[in-house]
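The following exercises are to be worked through with the sequence and the coordinates at hand, and each is followed by a solution in steps.

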Amino acid sequence: MLNRASTYLYQRPKLILALLLGPPMLYMLVVYIGSLFTLLINSFFYLEEFTGLIVRQFTLRTYLQLFSPTNLGIFGRTAGMAMAVTIADAIIAFPLAYYIARYASPRLKTFLYIAVTLPLWSSYIVRVYAWKLILAKEGIISWFLHLFGLQPVLDGILSIPAIGGSSLSLSPIGMFITFCYIWLPYMIVPIQTALERVPKSLLEASSDLGANAAQTFRNVILPLAFPGVVAGSIFTFSLTLGDFIVPQSLGNSRFFIGQAVYSYQGTAGNIPLAAAMTMGPVVIMVAYLLIARKLGAFDAL
Amino acid sequence: MGWSAVKLLTILCQNFMDVEYHSRMSIPAIRFENVSRHFGNVKAVDEANLEIRDGEFFSMLGPSGSGKTTCLRMIAGFDRPTLGNIYLYGQDVSNLPPYERDVNTVFQDYALFPHMTVEDNIAYGLMIKRISKTERHKQVDDMLDLVQLPGFGYRKPSQLSGGQRQRVALARALINHPKVLLLDEPLGALDLKLRQQMQVELKAIQKSVGITFIFVTHDQEEALAMSDRIAVFNEGRIQQVGTPSDIYERPASPFVAGFVGTSNLISGEIAKRITGSEEMFSIRPEKIHLDSTNSEPEKDMLCIDGVIRDVVYLGLFTRYLVEIEGGNDLVVVVQNLKTTSMDVLSAKGQKVRLHWHKDHISRVGG
């Protein structure tokens, strides 16, 4: 019986394909694309301010609201943070990924791989609150700096207008540090994967043709690892763009996109504006990917 | 007074340069002095001594793991000798990094940069040397002509066939005019027809550029076909260095006799019966004549009787397995000049007399 079913399927490869792909495709279409589409539709409705009711009529006035100074500020602030976190993570992740990919022995590699991904096993909120404590005025960083009489340095940094605050745990710098930590594994893993795919003979060939280590790095390693950096940056960038927990717990009164969406759909009950706001990161990500493609990030794929 | 001093200086310089030139010609391109490379307890290369002459096509031949590739990598600078020194035209390069050696490599997997076009790949060495873009372009075009790929500059390596990649790898190395070109089994990945064509082309290119080529291969036929001289490697040791005919006609050890071509090794009691000495010797299958048992041996011919145990008809020639008195099996190859498969296959079980010229045996010791 089972044999006959097996033969039946063997002779109909298209049926197998349909059976295998059907359920996930259905899920993708209905749950994933469908909800995104609902979001898109909602962003074209608007909230009648007097009645507090949502008017289900096609309009662009909700989108117009995105261009208010407050909302533009939110977009700029969030994108700026996402950019800074992405660049910092790329710089921190690259040497580590390079070491894991090229130099670590198989055992050390396994250990480092686990060490890198281990934080992902624990709750994200727990880690954010842990950082809140580390960065707090009475936290370990303050204490440590105090020990060496470096308190004025910290105070100096915190007094810088745009990024400072009353303490590390209530400032954009604190958020930046926490974001960098939280998303770092998402940057290390793709870069490491990209680097592992670079055959050793390419590095030898470069060196054989007269390039020293720095030239080999610039001309061979970096271009070939760049798709990995872009893949990692898609994670760090988009995750930072949409996050609302870190700004909530470590930020000051100035909103980030995630917070704004959260508050618009919650207390304000302005679902259309929340939906339109969500389209912001989507547009930013699409622009980001287009620029990355233009820069040749996917050429070596 | 001033003028004659200048003239004297000029003459001195010319003489000096002549001396320089001549001495350079006699200095070996590569010299290994007691070179060993150990990986832990494994002696990949064990006390190798070797001289490779200026301008020759030199092959390093051996089975995998015999140390030939390690030797090549030490010349390139990817690996350093544990003991001993390597000289490139008299200069000790043992501890120089690859980018400070006037040596280029064609890699087994070609190692073309996948993110660059063919032109950028070939121009890589010139780009590193900061040669202008127009000059680079001109030289790349010349190189593409040399390797018969004109107009391929804009392509990516992924758009090329195996043979074409091979040519690009060659052009990328040759454009730097290295003193020595290293080739690490460059034809291994190509199919037979293409490989034979590339053998001829490589040899022709080597003649036209006049650079010393060092060619690593495990294919004895390839080594015999292309090389001026061959070094045969086994288990980290150089077994024999010589011209292809030296290696084939006068193998110095049982290993060389068996690895390069097919050999019949005969020793002990049977050897004594044939040659009067127990020392081991080798005789090539094609050098043995098959004859009827009542034939009289001619002058300077050695002979022994046997029974044909097996016959393999191979079209161009027939391979016989002849059991000789005393137990040994000898391989004999006879060209099918007049015989057909019917004739040769019926020979199975016949008694025969084998004979060969005494100069065709090679004493291999052991």
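**Exercise 1. Domains**

Solution. The model is a predicted one, and the domain bounds come from an automatic or database assignment.

**Exercise 2. Two helix pairs in chain A**

Which orientation do helix 9 and helix 11 of chain A have to each other, and which do helix 7 and helix 8 of chain A have?

Solution. Two packed helices are described by the angle between their axes and the distance between the axes. For helix 9 (residues 172–196) and helix 11 (residues 213–242) of chain A, the angle is about 155° and the axes are 8 Å apart. Since angles over 145 degrees count as roughly antiparallel, helix 9 of chain A is therefore roughly antiparallel to helix 11 of chain A. The crossing of helix 9 and helix 11 of chain A is right-handed. On the side of helix 9 of chain A, the residues that meet helix 11 of chain A include A:Trp183, A:Tyr186 and A:Met187, while those on the side of helix 11 of chain A include A:Gly228, A:Gly232 and A:Phe235. Sorted by class, this contact of helix 9 with helix 11 of chain A has 15 nonpolar, five polar and no charged residues.

For helix 7 (residues 140–147) and helix 8 (residues 151–158) of chain A, the axes come within 7 Å and cross at roughly 130°. Helix 7 of chain A and helix 8 of chain A are therefore oblique to each other. In this pair A:Ser142, A:Leu145 and A:His146 of helix 7 of chain A meet A:Gln151, A:Val153 and A:Leu154 of helix 8 of chain A, and the contact is made up of three nonpolar, three polar and no charged residues.

**Exercise 3. A sheet in chain B**

What is the order of the strands in the open sheet of four strands in chain B, and which are its edge strands?

Solution. The order in this open sheet of chain B is 2-1-4-5, with antiparallel pairing. The edge strands are strand 2 (42–52) and strand 5 (91–92) of chain B, each of which pairs on one side only. Strand 1 (residues 30–39) of chain B is joined to strand 2 of chain B by seven bridges, and B:Val35 stands opposite B:Ala48 of strand 2 of chain B. Strands 1 and 2 of chain B form a hairpin with two residues between them, and in the turn B:Gly40 has a positive phi of about 60°. Five bridges join strand 1 of chain B to strand 4 (residues 83–88) of chain B, where B:Leu83 is the bridge partner of B:Ser36.

**Exercise 4. The contact between the chains**

How many residues does the contact take from chain B and from chain A?

Solution. The contact takes 18 residues from chain B and 17 residues from chain A. On the side of chain B that touches chain A, the elements giving two or more residues are strand 6 (103–106) and helix 4 (124–128) of chain B, and helix 4 of chain B gives the most, with three residues. By class, this side of chain B has 11 nonpolar, five polar and two charged residues.

Terms used
Residues are numbered from 1 along each chain as its sequence is written. Chains are lettered from A and ligands numbered from 1 in the order in which they are written. This is a predicted model: local features need pLDDT of at least 70, side-chain atom pairs count only at pLDDT 80 or more; totals for chains, interfaces and linings use all residues. Two residues are in contact if their C-beta atoms, placed from the backbone, lie within 7 Å. Ala, Val, Leu, Ile, Met, Phe, Trp, Tyr, Cys and Pro count as nonpolar, Asp, Glu, Lys and Arg as charged, and the others, Gly among them, as polar. Axes are lines fitted to C-alpha atoms, for helices over the stretch in contact, and angles run from 0 to 180 degrees between N-to-C directions. Angles under 35 degrees count as roughly parallel, over 145 as roughly antiparallel, 65 to 115 as roughly perpendicular and the rest as oblique. A crossing is left-handed if the near helix is turned anticlockwise from the far one by less than a right angle, and right-handed if clockwise. Two strands pair if DSSP finds at least two bridges between them.
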